[in-house]
Each structure stands twice: as structure tokens, then as C-alpha cells.
Amino acid sequence: MLQTLPKTLSSTGPWSPLQSRLQGAVIAPEDPQYDQARRAWNLSVEQRPAVIVVPKGSADVVKAVRFARGESLGVAVQATGHGNVRPANGCLLILTADMQGVTIDAVAQTARVEAGVKWGVVLEKAQAAGLAPLLGSSPDVGAVGYTLGGGMGWLARKYGLSADSVNYFEVVTADGQLLRASQTENSDLFWGLRGGGGSLGIVTGMEIKLYPVTTVYGGNLFYPIEQAREVIAHYREWLPTVPDELTSSFALMNFPPIPDVPGFLRGRSFVIVRGCYSGPVAQGEALLDYWRTWRTPLIDDFKTMPFSQVALISNDPVEPMAALTSTAWLRELSDEAIEIMVNSSNPALGSPLAFLEVRHAGGAITQPQASAYSNREGVLNMQMVGAIFSPEGQTALTTFYAQVKQALQPYLTGKVYMNFLEGEESRAQVKHGFSAEAYQHLTQLKAKYDPENVFGYAFNITPAR
Ligand SMILES: Cc1cc2nc3c(=O)[nH]c(=O)nc-3n(C[C@H](O)[C@H](O)[C@H](O)COP(=O)(O)OP(=O)(O)OC[C@H]3O[C@@H](n4cnc5c(N)ncnc54)[C@H](O)[C@@H]3O)c2cc1C
């Protein structure tokens, strides 16, 4: 574990001046921990930083950034490695693994969360106080990285994005200053950090709002894949009738033929309707009548559940894996768009997808906010995920995503959700992650806060000239 690394790893050699300034560890390429430390959760990410710093707190982050500037090194940040945009090659990589503080204020209904904390920890502590954070489908994702990109989870239609619920960020800027950014302090920086990713600074901590959600009605309805077209068309008719307390999705899921997958799912495909209702459970149950009286699903695990178990709805993989994600905002679920998605997900037609999911956004997300996140009108977010088994497989997957999106072109808004893009596609598509005005404003903020693009491993925002 990185947390147990000795402080003196690189106390001799070229990095000793850096190590002597820090409380946390410095890991150099010749250190035995280097290979483990440079690893990302997404195993397709291959990165070789010049040096890795594991700060103990914001003072270490300040010193590391100042050191990097002195050595003309770029600075990358990694909490978990779930969302790599540009591999941290030849730069100073800050691993936030040792910044694990979480403090809940049950009266104010807030949490202060440090940079390395995963959502699962915030969820557990907040639930103990009868409160819920706006985490996403996986509790294994970093709270800060997720929030910087927007953050759309199972309570999004009721309470909005995670970025909308930040009271303040503590952030180290490229000139090595520790600032607080909120509605009233450095408000331009606050605007940019709410959805603009980590390109303006390194967030060392944030205070977020929590909500009084302890019990939800949630789960999955599995239907035979042969019924996918009818299920999605039925889903399309459902959406205009559902309240904001319900956040839902449908997924075309291809379970791999591996022993880890339960026998009745192994190697099989399904169309799945998923959801989380955060109002009174009796109302949630009544909402599901729409489906239960229509056709009996193969599996129906919608039930009353503690919100602490919300991760069971998506059951995202926890173990590190090599995967690639792509995304697009859909304008509508036309019959032709449904046909394209169903065929694109069909392994018998050569689909490489593990799943294709369309999430229902809208609701509270559409409320105007002073934030860089600006594709608020998008209501249907499509995400495609495929596993990577070889570099050729990665190239083929990239081409496949482009083909699917080309076929869906008439039904896409042309915008993307940055949290669901990685690597090259994230860098290429960044302008479409924002409204034109918001992107332009981000480039101006970049010119003000990071004109030399020291944080060029985050969302690819070019400083305005
Ligand atoms: C299994 C899975 C499930 C997901 N579910 C959802 C979901 O439901 N909703 C959703 O919106 N997204 C979801 N995501 C996307 C996720 O929010 C992004 O990948 C996010 O960037 C992950 O953040 P991280 O810190 O865990 O990852 P990392 O790869 O460690 O960080 C990603 C990027 O965030 C930035 N960053 C991280 N920490 C800091 C910091 N302290 N300061 C400045 N910048 C920082 C850096 O630019 C870094 O490159 C999911 C991803 C996966 C793989």
C-alpha cells in the first residue's frame, strides 16, 4: 500500500532536494515501489512519470508544484486512475492516496473531503449520519476527480450534479499558491472547477452538500435481449411521466463468459432497466407497475434498499481492468437510433461492447448554475464501454465507437459528457464537453491560472492567447 511507504525512499539521488522538503514520499523510477505507484485502475494506461510524489497534505502539494515549476516539469494528478486523460509521462505525478480525510457535519449537512478519498468512504460516513453524497455508480471512483468533471449519479435528477453541490474547493494553482475557491472567494476559479476538470489546479480538499436520503427503491429489471427494441421503446414512453425522484437508465449488457460471473448471467446478453427512486418507497414501487404489468422480467431485483448499498444497482467492476469508454448525448430515442444501438451491442454481429447504457439526465441538472459544466439541456446520455485485450483491440474499439457515433449522428446533440471520455478522445472532444461560451471562458481562466499549461494532463484546455 502506498500509505505505508517509507518517507525516505529517494533521500539520496537526484530527487533528494524534493524529498527533503516534503512530509510525504517521493518515488523515483529506480525505487521498488515505482511500478505499483504508476499504475492506474484502468490497466490500459501505461505511464512513466519522471517522479511520483505522495503528499501528506496541501503543504506538500504546494511544495511539489513549486519544485516541478523550478525543474520545468509538468504536473499530473491521480487519485484512482479511473479517468486518465493523458498518461503522466516524463512529468511529476501527484498521487493523492495519502490524503484521506473525511469529516461529516451532520447539522450543516456537509462533508469535507480530501483529494484521495473514494466515494465509498464518504457514503459510509454520511449514511451513518443519515445523509447521502451525490456519488456515481461506483463507490470506488475518486470523489474529487468525479466532481471536477460534473458527477452524475443515482440522485442526479433530484439533487443535480456533484459539481453543483460543492461549497468550496481548496486548490493549489500552477504558481504554487493554496487558494480557496467558492461563490465568494476566487469565484472565477470556482466556476471553472465545477465541471472544468483539474486543468486549473490541484484540488486538495472540498466541502460538499449532503442530502437526507437513507432508503431508496432501486434495482434492475432484466429482459431477454430479443425484446430489446420493445423494452427501449417502452422506456422512451415512460420517461416523460417519471418524477425527478427517479433517476434511471437502460443498458444493453453482454456478460463475459468468465467464472467470476454468476452462471445464469455468464456469456449471456440482456436488456436491463435500472433505477433509483429517492422519494417514499411505496411511490417507487407503484412507479414500477408500469413495467411489471407490461411484461414479467427474467429477473426483478428492484426493492427497498439502504442508500449505503446503492452500488448494487450498477454493480460496476471494482478490480482494476483495461477498458475504454466513449459517450454522446442523444437528442432522442428514435426507432432508428434504437435499432443502431441494439445492433451495435450485439456480439453475434461482432460487437466488442461490454455494455451500452443510456442514462436519463434532466431534472435538477437542468437548473442554471454558475459553472463550467454547461451541457445541462442533455437528457439522454449514452455511454459505451469495452474491455481491451491488446493494443490492436484498443485501436479497433476506438474505430468502433467512431462508427457507432457516425451512424447515430442524426440523433446526437454533438455534445459529450467529459467524465465518460478518456485518453485521446477526451483530448480531441474537449470543446464539445462545454457550451461554446463556457469553453471560451475556460481558456481565459486557463490563461490566468495556468498559462504555461503545467496541468496539461487534465482536460485538454488550451490557454487563451
Ligand atoms: C467504473 C466507473 C464508474 C463510473 N461511474 C461514473 C458515474 O456514475 N458518474 C460520473 O459522472 N462519472 C463516472 N465515472 C467517471 C469518473 O467520474 C471519472 O473517470 C473521474 O475522472 C474519475 O476520477 P478519479 O479521481 O477516480 O480518477 P483519476 O484517473 O485518478 O483522475 C481523473 C482525472 O481527474 C483529475 N483529478 C483527480 N483528482 C484531482 C485533484 N485532486 N485535483 C485536480 N484534478 C484531479 C485529474 O485530471 C485526473 O487525470 C465512472 C468511471 C468508472 C471507471
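This is a predicted model: local features need pLDDT of at least 70, side-chain atom pairs count only at pLDDT 80 or more; totals for chains, interfaces and linings use all residues.
Q: What else describes the way α8 and α12 pack?
A: In general, two packed helices are described by the angle between their axes and the distance between the axes. Here the axes of α8 and α12 are 10 Å apart. There's a handedness too: α8 passes α12 in a right-handed crossing.

Q: Which residues of α8 and α12 meet?
A: From α8 you get A228, R229, I232, A233 and R236. They meet D335, I338, E339, V342 and N343 of α12. Sorted by type, the residues of this contact are five nonpolar, one polar and four charged.

Q: How do you know that the length of α3 agrees with what a helix should span?
A: Helix α3 (residues 58-70) has 13 residues, and at 1.5 Å a residue it should span 18 Å. The end C-alpha atoms of α3 are 18 Å apart, so the two agree.

Q: What makes K446 count as buried?
A: Buried means under 20% relative accessible area. K446 has 0%, so K446 counts as buried. You'll find K446 in helix α15 (residues 436-449). Not counting residues up to four places away in sequence, K446 touches S199, L200, P451, N453, F455, I461, T462 and P463.

Q: Why is G362 called buried?
A: G362 has a relative accessible area of 3%, so it goes down as buried. G362 sits in the loop between β16 (355-360) and β17 (380-387). Leaving aside neighbours within four places in sequence, G362 is in contact with R157, G378 and V379. As for A251, it is 111 residues from G362 in sequence and 18 Å away in space, C-alpha to C-alpha.

Q: Why is N315 called exposed, while Q109 is called partly exposed?
A: Exposed means over 50%, and partly exposed is in between that and buried. N315 has a relative accessible area of 58%, so N315 is exposed. Q109 has 31%, so Q109 is partly exposed. N315 is in the loop between α11 (311-314) and β15 (323-330), and Q109 is in the loop between β5 (102-105) and β6 (110-114).

Q: What value does phi take at Q109 and at N315?
A: Q109 isn't a glycine, yet its phi is positive, at about 60°. N315 isn't a glycine either, and its phi is positive at about 50°.

Q: How do you know that R266 is partly exposed?
A: The relative accessible area of R266 is 39%, so R266 is partly exposed. R266 belongs to the loop between β11 (246-254) and β12 (269-277). Apart from neighbours within four places in sequence, R266 is in contact with F255, P256, P257, I258, P259 and V261. Between R266 and S165, 101 residues apart along the chain, the C-alpha atoms are separated by 39 Å.

Technical notes. Residues are numbered from 1 along each chain as its sequence is written. Side-chain values use heavy atoms; hydrogens and water are left out. Helices (H or I, at least four residues) and strands (E, at least two) are DSSP runs, numbered from the N terminus. The expected span of a helix is 1.5 Å times one less than its number of residues. Axes are lines fitted to C-alpha atoms, for helices over the stretch in contact, and angles run from 0 to 180 degrees between N-to-C directions. A crossing is left-handed if the near helix is turned anticlockwise from the far one by less than a right angle, and right-handed if clockwise. Contact means heavy atoms within 4.5 Å. Ala, Val, Leu, Ile, Met, Phe, Trp, Tyr, Cys and Pro count as nonpolar, Asp, Glu, Lys and Arg as charged, and the others, Gly among them, as polar. Buried means under 20% relative accessible area, exposed over 50%, partly exposed in between (1.4 Å probe, protein chains only).
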